[in-house]
Amino acid sequence: MPQTSFSIDTLHQKVARIFLNAGLSPQQAQPVARVITAGERDGCKSHGVYRVDGCLRTLRAGKVQPLAQPALADDGGGVIRVDADGGFSPAAFELGAPVLVERAKTLGVAALVINNCTHFSALWPEIEVLTDAGLAAMAMCPSYSSVAPSGGNAALLGTNPFAFGWPRPDNPPYVFDFATSVVARGEIELHRQAGKPLPEGWAVDVEGNPTTDPEAALAGAMLPFGAHKGSAISTMIELLAGAMIGDLTSDEALAYLGTTSILPHHGELILAFSPERFSAGRPGDPFARADALIDAIVGQGARLPSQRRFAARKASVRDGIVLSEAEVALLDRLETA
Ligand code: NDP
Ligand code: PYC
(Lines give C-alpha, C1' and ligand atoms only; values in the text may rest on other atoms or scores of the structure.)
(Ligands and ions follow the chains in the order given, each with its own letter.)
Protein backbone atom coordinates (compact mmCIF):
# COMPACT_ATOMS: atom_id res chain seq x y z
CA MET A 1 0.00 0.00 0.00
CA PRO A 2 1.53 3.41 -0.96
CA GLN A 3 2.67 5.45 2.04
CA THR A 4 4.29 8.81 2.76
CA SER A 5 6.67 9.61 5.59
CA PHE A 6 6.52 12.99 7.37
CA SER A 7 8.92 14.41 9.93
CA ILE A 8 7.11 15.13 13.21
CA ASP A 9 7.50 18.85 12.66
CA THR A 10 6.25 18.71 9.05
CA LEU A 11 3.13 16.82 10.05
CA HIS A 12 2.53 19.21 12.95
CA GLN A 13 2.80 22.22 10.59
CA LYS A 14 0.42 20.60 8.09
CA VAL A 15 -2.21 19.81 10.73
CA ALA A 16 -1.84 23.28 12.29
CA ARG A 17 -2.31 24.91 8.85
CA ILE A 18 -5.60 23.05 8.40
CA PHE A 19 -6.90 24.47 11.66
CA LEU A 20 -5.55 27.98 11.04
CA ASN A 21 -7.15 27.97 7.56
CA ALA A 22 -10.41 26.86 9.17
CA GLY A 23 -10.37 29.97 11.37
CA LEU A 24 -8.90 28.74 14.65
CA SER A 25 -6.63 31.17 16.47
CA PRO A 26 -2.98 30.06 16.87
CA GLN A 27 -3.75 29.68 20.61
CA GLN A 28 -6.29 26.96 19.73
CA ALA A 29 -4.77 25.52 16.55
CA GLN A 30 -1.24 24.83 17.77
CA PRO A 31 -2.11 22.74 20.89
CA VAL A 32 -4.74 20.75 18.92
CA ALA A 33 -2.18 20.06 16.17
CA ARG A 34 0.36 19.02 18.84
CA VAL A 35 -1.88 16.33 20.39
CA ILE A 36 -3.05 14.98 17.02
CA THR A 37 0.55 14.78 15.75
CA ALA A 38 1.65 13.14 19.02
CA GLY A 39 -1.14 10.54 18.62
CA GLU A 40 0.04 9.69 15.11
CA ARG A 41 3.72 9.72 16.20
CA ASP A 42 2.96 7.20 18.98
CA GLY A 43 0.88 4.87 16.81
CA CYS A 44 -2.43 5.81 18.46
CA LYS A 45 -4.55 5.87 15.31
CA SER A 46 -7.85 6.34 17.19
CA HIS A 47 -6.65 9.81 18.26
CA GLY A 48 -4.36 10.74 15.37
CA VAL A 49 -5.01 12.46 12.03
CA TYR A 50 -8.37 10.76 11.62
CA ARG A 51 -9.62 13.21 14.32
CA VAL A 52 -8.95 16.30 12.15
CA ASP A 53 -12.17 15.85 10.20
CA GLY A 54 -14.21 15.47 13.41
CA CYS A 55 -12.72 18.69 14.80
CA LEU A 56 -13.70 20.56 11.61
CA ARG A 57 -17.23 19.08 11.61
CA THR A 58 -17.63 20.25 15.23
CA LEU A 59 -16.43 23.70 14.19
CA ARG A 60 -18.87 23.86 11.26
CA ALA A 61 -21.69 22.81 13.62
CA GLY A 62 -20.86 25.85 15.77
CA LYS A 63 -20.19 23.65 18.81
CA VAL A 64 -16.57 24.70 19.41
CA GLN A 65 -15.32 28.27 19.56
CA PRO A 66 -12.38 28.82 17.18
CA LEU A 67 -11.18 31.98 18.94
CA ALA A 68 -11.78 30.77 22.50
CA GLN A 69 -9.55 32.32 25.14
CA PRO A 70 -9.14 29.97 28.10
CA ALA A 71 -9.14 31.75 31.47
CA LEU A 72 -7.28 30.62 34.59
CA ALA A 73 -8.86 30.98 38.05
CA ASP A 74 -6.31 30.39 40.82
CA ASP A 75 -6.87 31.27 44.46
CA GLY A 76 -3.51 29.81 45.51
CA GLY A 77 -5.12 26.61 46.81
CA GLY A 78 -5.10 23.02 45.63
CA VAL A 79 -7.84 23.37 43.03
CA ILE A 80 -6.86 25.29 39.91
CA ARG A 81 -9.56 25.95 37.34
CA VAL A 82 -9.41 26.78 33.64
CA ASP A 83 -12.56 27.78 31.78
CA ALA A 84 -11.86 26.70 28.20
CA ASP A 85 -14.31 29.32 26.88
CA GLY A 86 -15.94 26.72 24.64
CA GLY A 87 -12.69 25.92 22.87
CA PHE A 88 -10.67 22.71 22.58
CA SER A 89 -9.24 21.16 25.76
CA PRO A 90 -5.51 21.17 24.80
CA ALA A 91 -5.22 24.97 24.92
CA ALA A 92 -6.88 24.97 28.35
CA PHE A 93 -4.53 22.26 29.61
CA GLU A 94 -1.45 24.12 28.37
CA LEU A 95 -2.60 27.22 30.29
CA GLY A 96 -3.25 25.36 33.55
CA ALA A 97 -0.43 22.79 33.55
CA PRO A 98 2.45 25.01 34.81
CA VAL A 99 0.31 26.15 37.77
CA LEU A 100 -0.72 22.56 38.50
CA VAL A 101 2.95 21.47 38.57
CA GLU A 102 3.99 24.32 40.85
CA ARG A 103 1.04 23.73 43.22
CA ALA A 104 1.48 19.95 43.45
CA LYS A 105 5.14 20.48 44.34
CA THR A 106 4.22 23.05 46.98
CA LEU A 107 1.22 21.31 48.55
CA GLY A 108 1.96 17.66 47.72
CA VAL A 109 -1.27 17.27 45.75
CA ALA A 110 -3.24 19.56 43.45
CA ALA A 111 -6.04 19.32 40.91
CA LEU A 112 -6.61 21.03 37.59
CA VAL A 113 -10.26 21.35 36.62
CA ILE A 114 -11.00 22.16 32.99
CA ASN A 115 -14.55 23.32 32.29
CA ASN A 116 -16.51 24.11 29.15
CA CYS A 117 -14.35 22.44 26.51
CA THR A 118 -14.62 20.28 23.40
CA HIS A 119 -12.62 17.15 24.23
CA PHE A 120 -11.39 14.64 21.66
CA SER A 121 -7.84 13.74 22.63
CA ALA A 122 -5.94 10.97 24.32
CA LEU A 123 -4.99 11.75 27.92
CA TRP A 124 -1.39 10.49 27.93
CA PRO A 125 0.07 13.70 26.39
CA GLU A 126 -1.16 15.54 29.50
CA ILE A 127 0.01 12.81 31.87
CA GLU A 128 3.50 12.94 30.35
CA VAL A 129 3.77 16.70 30.96
CA LEU A 130 3.29 15.91 34.65
CA THR A 131 5.56 12.83 34.84
CA ASP A 132 8.25 14.86 33.01
CA ALA A 133 7.99 17.30 35.92
CA GLY A 134 8.57 14.46 38.43
CA LEU A 135 4.92 14.14 39.48
CA ALA A 136 2.55 11.17 39.61
CA ALA A 137 -0.72 11.98 37.88
CA MET A 138 -4.23 10.88 37.02
CA ALA A 139 -6.58 12.30 34.39
CA MET A 140 -10.17 11.47 33.55
CA CYS A 141 -13.18 12.86 31.71
CA PRO A 142 -16.68 11.87 30.63
CA SER A 143 -17.61 11.85 26.96
CA TYR A 144 -21.16 11.50 25.59
CA SER A 145 -23.54 8.57 26.10
CA SER A 146 -22.33 5.68 23.96
CA VAL A 147 -21.73 2.89 26.51
CA ALA A 148 -24.34 0.76 28.29
CA PRO A 149 -23.78 0.24 32.02
CA SER A 150 -23.01 -3.38 32.92
CA GLY A 151 -26.36 -5.17 33.22
CA GLY A 152 -28.08 -2.46 31.15
CA ASN A 153 -28.85 -2.40 27.44
CA ALA A 154 -28.68 1.20 26.17
CA ALA A 155 -26.08 3.96 25.87
CA LEU A 156 -25.84 6.06 29.04
CA LEU A 157 -22.18 6.32 30.11
CA GLY A 158 -19.41 7.71 27.90
CA THR A 159 -16.25 5.92 26.80
CA ASN A 160 -14.77 7.88 29.73
CA PRO A 161 -10.97 7.61 29.55
CA PHE A 162 -8.79 7.20 32.63
CA ALA A 163 -5.02 7.68 32.61
CA PHE A 164 -2.27 7.34 35.20
CA GLY A 165 1.41 8.18 35.18
CA TRP A 166 4.36 7.55 37.48
CA PRO A 167 7.69 9.34 36.90
CA ARG A 168 10.81 7.16 36.64
CA PRO A 169 14.03 9.20 36.84
CA ASP A 170 16.11 6.78 34.72
CA ASN A 171 13.41 5.26 32.52
CA PRO A 172 10.38 6.33 30.50
CA PRO A 173 7.44 6.93 32.85
CA TYR A 174 4.95 4.20 33.71
CA VAL A 175 1.80 5.39 31.91
CA PHE A 176 -1.49 3.75 31.12
CA ASP A 177 -4.38 5.44 29.37
CA PHE A 178 -7.56 3.63 28.41
CA ALA A 179 -11.21 4.06 27.60
CA THR A 180 -13.47 2.47 30.23
CA SER A 181 -15.38 0.94 27.32
CA VAL A 182 -13.79 -2.22 25.86
CA VAL A 183 -12.06 0.10 23.37
CA ALA A 184 -12.25 3.75 22.41
CA ARG A 185 -15.19 4.72 20.18
CA GLY A 186 -12.58 5.87 17.67
CA GLU A 187 -11.66 2.19 17.17
CA ILE A 188 -15.25 1.39 16.19
CA GLU A 189 -15.23 4.28 13.72
CA LEU A 190 -11.93 3.06 12.23
CA HIS A 191 -13.43 -0.45 11.83
CA ARG A 192 -16.44 1.10 10.08
CA GLN A 193 -14.20 3.11 7.74
CA ALA A 194 -12.17 -0.03 6.92
CA GLY A 195 -15.32 -2.16 6.44
CA LYS A 196 -14.12 -4.59 9.12
CA PRO A 197 -16.37 -6.43 11.62
CA LEU A 198 -15.82 -5.85 15.33
CA PRO A 199 -14.56 -8.58 17.65
CA GLU A 200 -17.29 -10.21 19.75
CA GLY A 201 -18.01 -8.53 23.09
CA TRP A 202 -17.43 -4.91 22.10
CA ALA A 203 -20.98 -3.69 21.55
CA VAL A 204 -24.74 -4.25 21.37
CA ASP A 205 -27.24 -2.99 18.77
CA VAL A 206 -30.22 -0.69 19.45
CA GLU A 207 -32.22 -3.70 20.71
CA GLY A 208 -29.47 -4.53 23.22
CA ASN A 209 -28.37 -7.65 21.27
CA PRO A 210 -24.65 -8.41 20.78
CA THR A 211 -23.32 -7.14 17.44
CA THR A 212 -20.10 -7.19 15.43
CA ASP A 213 -21.41 -4.64 12.91
CA PRO A 214 -19.72 -1.24 13.50
CA GLU A 215 -22.78 0.69 12.18
CA ALA A 216 -25.08 -1.21 14.54
CA ALA A 217 -22.62 -0.66 17.41
CA LEU A 218 -22.45 3.10 16.76
CA ALA A 219 -26.27 3.25 16.69
CA GLY A 220 -26.56 0.96 19.74
CA ALA A 221 -24.09 0.94 22.61
CA MET A 222 -20.55 -0.09 23.39
CA LEU A 223 -19.82 -2.23 26.45
CA PRO A 224 -17.68 -1.31 29.46
CA PHE A 225 -14.39 -3.19 29.94
CA GLY A 226 -14.38 -5.71 32.79
CA ALA A 227 -18.19 -5.87 33.11
CA HIS A 228 -19.35 -4.36 36.46
CA LYS A 229 -15.82 -3.21 37.35
CA GLY A 230 -15.33 -1.03 34.26
CA SER A 231 -18.91 0.15 34.61
CA ALA A 232 -18.23 1.33 38.18
CA ILE A 233 -14.99 3.12 37.22
CA SER A 234 -16.82 4.80 34.36
CA THR A 235 -19.56 5.91 36.77
CA MET A 236 -16.90 7.28 39.14
CA ILE A 237 -15.57 9.40 36.26
CA GLU A 238 -19.08 10.75 35.56
CA LEU A 239 -19.31 11.73 39.24
CA LEU A 240 -15.83 13.22 39.74
CA ALA A 241 -15.21 14.77 36.30
CA GLY A 242 -18.85 15.63 35.58
CA ALA A 243 -21.08 16.28 38.59
CA MET A 244 -18.31 17.22 41.06
CA ILE A 245 -16.56 19.75 38.82
CA GLY A 246 -19.85 21.35 37.80
CA ASP A 247 -19.72 20.18 34.22
CA LEU A 248 -21.70 17.90 31.93
CA THR A 249 -22.04 14.16 32.47
CA SER A 250 -22.03 12.01 29.32
CA ASP A 251 -25.83 11.88 29.30
CA GLU A 252 -26.04 15.67 29.61
CA ALA A 253 -23.32 16.11 26.95
CA LEU A 254 -25.36 14.06 24.49
CA ALA A 255 -28.48 16.07 25.31
CA TYR A 256 -26.51 19.30 24.75
CA LEU A 257 -25.13 18.21 21.35
CA GLY A 258 -28.05 16.07 20.20
CA THR A 259 -25.68 13.82 18.24
CA THR A 260 -22.55 11.67 18.58
CA SER A 261 -21.45 12.60 15.06
CA ILE A 262 -19.38 15.55 16.33
CA LEU A 263 -16.98 15.83 19.26
CA PRO A 264 -18.25 15.95 22.84
CA HIS A 265 -18.39 19.01 25.08
CA HIS A 266 -17.75 18.60 28.84
CA GLY A 267 -14.97 19.05 31.42
CA GLU A 268 -11.89 17.18 32.64
CA LEU A 269 -10.21 16.50 35.99
CA ILE A 270 -6.43 16.14 36.30
CA LEU A 271 -4.72 15.30 39.60
CA ALA A 272 -1.01 15.64 40.33
CA PHE A 273 0.90 14.21 43.30
CA SER A 274 4.44 14.80 44.57
CA PRO A 275 5.92 11.39 45.51
CA GLU A 276 8.60 13.15 47.62
CA ARG A 277 5.98 14.98 49.68
CA PHE A 278 3.82 11.88 50.23
CA SER A 279 6.77 9.71 51.25
CA ALA A 280 8.53 12.32 53.41
CA GLY A 281 9.63 10.83 56.75
CA ARG A 282 8.81 7.28 55.65
CA PRO A 283 11.41 4.61 54.97
CA GLY A 284 12.60 3.92 51.43
CA ASP A 285 12.89 5.93 48.24
CA PRO A 286 9.51 5.83 46.42
CA PHE A 287 11.19 5.93 43.00
CA ALA A 288 13.55 3.04 43.77
CA ARG A 289 10.68 1.02 45.25
CA ALA A 290 8.52 1.72 42.20
CA ASP A 291 11.35 0.67 39.88
CA ALA A 292 11.73 -2.60 41.79
CA LEU A 293 8.03 -3.37 41.31
CA ILE A 294 8.00 -2.40 37.63
CA ASP A 295 11.20 -4.40 37.00
CA ALA A 296 9.57 -7.43 38.63
CA ILE A 297 6.57 -7.10 36.30
CA VAL A 298 8.85 -6.93 33.27
CA GLY A 299 10.92 -9.76 34.76
CA GLN A 300 7.92 -12.06 34.38
CA GLY A 301 7.83 -11.33 30.65
CA ALA A 302 4.88 -8.94 30.86
CA ARG A 303 4.91 -5.84 28.71
CA LEU A 304 4.34 -2.46 30.28
CA PRO A 305 1.52 -0.15 29.22
CA SER A 306 2.91 2.51 26.86
CA GLN A 307 5.78 0.19 25.86
CA ARG A 308 4.26 -0.23 22.37
CA ARG A 309 3.63 3.52 22.22
CA PHE A 310 7.17 4.46 23.23
CA ALA A 311 8.55 2.02 20.64
CA ALA A 312 6.31 3.61 18.00
CA ARG A 313 7.58 7.05 19.06
CA LYS A 314 11.19 5.93 18.71
CA ALA A 315 10.48 4.61 15.20
CA SER A 316 8.70 7.86 14.22
CA VAL A 317 11.59 9.99 15.48
CA ARG A 318 14.01 7.80 13.50
CA ASP A 319 12.02 7.16 10.30
CA GLY A 320 9.30 9.81 10.29
CA ILE A 321 5.55 9.36 10.72
CA VAL A 322 4.18 7.08 8.02
CA LEU A 323 0.70 7.88 6.67
CA SER A 324 -1.32 5.94 4.11
CA GLU A 325 -2.22 7.42 0.73
CA ALA A 326 -5.83 7.86 1.92
CA GLU A 327 -4.73 9.72 5.07
CA VAL A 328 -2.47 12.05 3.07
CA ALA A 329 -5.25 12.67 0.52
CA LEU A 330 -7.66 13.56 3.34
CA LEU A 331 -5.18 15.99 4.93
CA ASP A 332 -4.42 17.56 1.50
CA ARG A 333 -8.13 17.99 0.83
CA LEU A 334 -8.77 19.54 4.25
CA GLU A 335 -5.76 21.84 3.88
CA THR A 336 -7.07 23.34 0.65
CA ALA A 337 -10.79 23.28 1.55
P1 NDP B 1 -5.96 0.49 24.35
O2 NDP B 1 -6.84 -0.60 24.80
O3 NDP B 1 -5.35 0.41 23.00
O4 NDP B 1 -4.75 0.67 25.38
C5 NDP B 1 -4.99 1.02 26.71
C6 NDP B 1 -3.72 1.03 27.53
O7 NDP B 1 -3.32 -0.32 27.78
C8 NDP B 1 -2.53 1.70 26.87
O9 NDP B 1 -1.80 2.36 27.86
C10 NDP B 1 -1.77 0.51 26.26
O11 NDP B 1 -0.40 0.75 26.05
C12 NDP B 1 -1.99 -0.54 27.31
N13 NDP B 1 -1.91 -1.90 26.80
C14 NDP B 1 -2.51 -2.41 25.70
N15 NDP B 1 -2.22 -3.72 25.57
C16 NDP B 1 -1.41 -4.04 26.62
C17 NDP B 1 -0.77 -5.24 27.04
N18 NDP B 1 -0.91 -6.36 26.37
N19 NDP B 1 -0.02 -5.19 28.16
C20 NDP B 1 0.12 -4.04 28.85
N21 NDP B 1 -0.46 -2.88 28.50
C22 NDP B 1 -1.22 -2.87 27.40
O23 NDP B 1 -6.67 1.90 24.49
P24 NDP B 1 -8.20 2.34 24.39
O25 NDP B 1 -8.78 1.95 23.07
O26 NDP B 1 -8.93 1.94 25.61
O27 NDP B 1 -7.99 3.94 24.42
C28 NDP B 1 -7.21 4.57 23.42
C29 NDP B 1 -7.11 6.05 23.66
O30 NDP B 1 -8.38 6.63 23.51
C31 NDP B 1 -6.61 6.48 25.03
O32 NDP B 1 -5.45 7.27 24.81
C33 NDP B 1 -7.73 7.32 25.61
O34 NDP B 1 -7.32 8.47 26.35
C35 NDP B 1 -8.46 7.76 24.36
N36 NDP B 1 -9.86 8.07 24.65
C37 NDP B 1 -10.23 9.38 24.73
C38 NDP B 1 -11.54 9.70 25.01
C39 NDP B 1 -11.96 11.12 25.18
O40 NDP B 1 -13.12 11.37 25.49
N41 NDP B 1 -11.11 12.10 25.02
C42 NDP B 1 -12.56 8.69 25.18
C43 NDP B 1 -12.04 7.34 25.12
C44 NDP B 1 -10.73 7.05 24.84
P45 NDP B 1 0.15 1.01 24.54
O46 NDP B 1 -0.39 2.36 24.15
O47 NDP B 1 1.64 0.96 24.64
O48 NDP B 1 -0.41 -0.10 23.68
O1 PYC C 1 -12.60 7.39 21.12
O2 PYC C 1 -14.20 7.09 22.61
C3 PYC C 1 -13.46 7.81 21.92
C4 PYC C 1 -13.58 9.27 22.07
C5 PYC C 1 -14.66 9.97 22.48
C6 PYC C 1 -14.28 11.30 22.45
C7 PYC C 1 -13.01 11.36 22.02
N8 PYC C 1 -12.58 10.11 21.82
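Analyst: One term to begin with: a polar contact is a pair of N or O atoms within 3.5 Å; within protein, one must be able to donate a hydrogen and the other to accept it, and residues adjacent in sequence count only if both atoms are side-chain atoms. This is a predicted model, where local features need pLDDT of at least 70, side-chain atom pairs count only at pLDDT 80 or more, and totals for chains, interfaces and linings use all residues. Residues are numbered from 1 along each chain as written, chains are lettered from A and ligands numbered from 1 in written order, and side-chain values use heavy atoms, without hydrogens and water.

User: How far is the side chain of Asp177 from an oxygen atom of ligand 1?

Analyst: An N or O atom of that side chain lies 2.6 Å from the ligand oxygen. For His47, a polar side-chain atom is 3.3 Å from an oxygen of ligand 1. Arg309 uses a backbone N or O atom, 3.1 Å from a ligand oxygen.

User: How much of ligand 1 does the protein bury?

Analyst: 75% of the 920 Å² that the ligand exposes when taken alone (Shrake-Rupley method, 1.4 Å probe).

User: Switching to helix α9, which residues are buried?

Analyst: Ser250, Ala253 and Leu257, where buried means under 20% relative accessible area (1.4 Å probe, protein chains only). They share one side of α9, because they cover an arc of only 55° around the axis, taken from the directions from the axis to the C-beta atoms. Helices here are DSSP runs of H or I, at least four residues.

User: And what follows α9?

Analyst: Gly258, with a positive phi near 75°.

Technical notes: Buried means under 20% relative accessible area, exposed over 50%, partly exposed in between (1.4 Å probe, protein chains only). Helices (H or I, at least four residues) and strands (E, at least two) are DSSP runs, numbered from the N terminus.
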